[in-house]
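Hi,

Here is the structure we discussed handing over. My notes on its pockets follow below.

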Amino acid sequence: MKWLRENKYAAMLLTLVRLYVGWAWMVAGWHKITGEKAFDATGYLKGAIAKPVLETGTTDLVYGNFVAFLKNFALPHVGIFNVVIPWGELLVGLGLLLGALTTTAIFFGLIMNFMYMFAGTVSTNPWLVLLGFIVFAAGANAGKFGVDHLILPYLHKWFDKIVNRFHFTFKLR
């Protein structure tokens, strides 16, 4: 794990993985945003509700709580998802391609991958999850050859100031 998080050669390898995963996310989002027809998740959501992931042999719902979420929240608020999904995919992709807030970008990419898999879509999601966990485990080293190298020191100083302010405030009480 130390090698993955600190080694320069690992950072080079992680850059290739990060670029591949970032490209996949960016292209997926771009196609949804610039497609001839406006992106609409209604059909996908209805399909995921109508044909949920079932346990083999017993036909019990595997992700009953996720199906309930789709039916009771996602479908009634599909307009929000029609914006969040394509723009989320595009921004995750750009974050990974640029190496900007890499750990945050891959975290949200993994969340989306799992949501698609809970809905029953396999496609490239398992590969993206596997590669995503490698990038996520590497932490800041995954963005070493990217914008993270420039912005993370600044963000650390900024967060340290905030933490010290709160720490001092709590000490006084």
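In what follows, Ala, Val, Leu, Ile, Met, Phe, Trp, Tyr, Cys and Pro count as nonpolar, Asp, Glu, Lys and Arg as charged, and the others, Gly among them, as polar. This is a predicted model: local features need pLDDT of at least 70, side-chain atom pairs count only at pLDDT 80 or more, and totals for chains, interfaces and linings use all residues. Residues are numbered from 1 along each chain as its sequence is written, and side-chain values use heavy atoms, without hydrogens and water.

Largest pocket first. A pocket is an open set of points on a 1 Å grid over the protein atoms alone, where a 1.4 Å probe fits, with protein on both sides within 12 Å along at least five of seven lines; lining residues have an atom within 4 Å of a point. The volume of the largest pocket is about 820 Å³. Its lining has 38 residues, with W25, I85, E89, M112 and Y116 nearest the centre. By class, 28 are nonpolar, 8 polar and 2 charged.

The second largest pocket holds about 170 Å³. Its lining splits into 5 nonpolar, 5 polar and 1 charged residues. Helix 8 contributes the most, with 5 residues. Helices here are DSSP runs (H or I, at least four residues), numbered from the N terminus.

Now helix 6. Its buried residues (under 20% relative accessible area, 1.4 Å probe, protein chains only) are T102, A105, I106, G109, L110, M112, N113 and Y116. They sit on the same side of helix 6, because they cover an arc of only 165° around the axis, taken from the directions from the helix axis to the C-beta atoms. Just after helix 6, G120 has a positive phi of about 105°.

Best wishes

How values were computed
Points joined across faces, edges and corners; volume = space filled by probe spheres on them. Helix = DSSP H or I, 4+ residues; strand = E, 2+ residues; numbered from the N terminus. Buried < 20%, exposed > 50% of the residue type's maximum accessible area, 1.4 Å probe, protein only.
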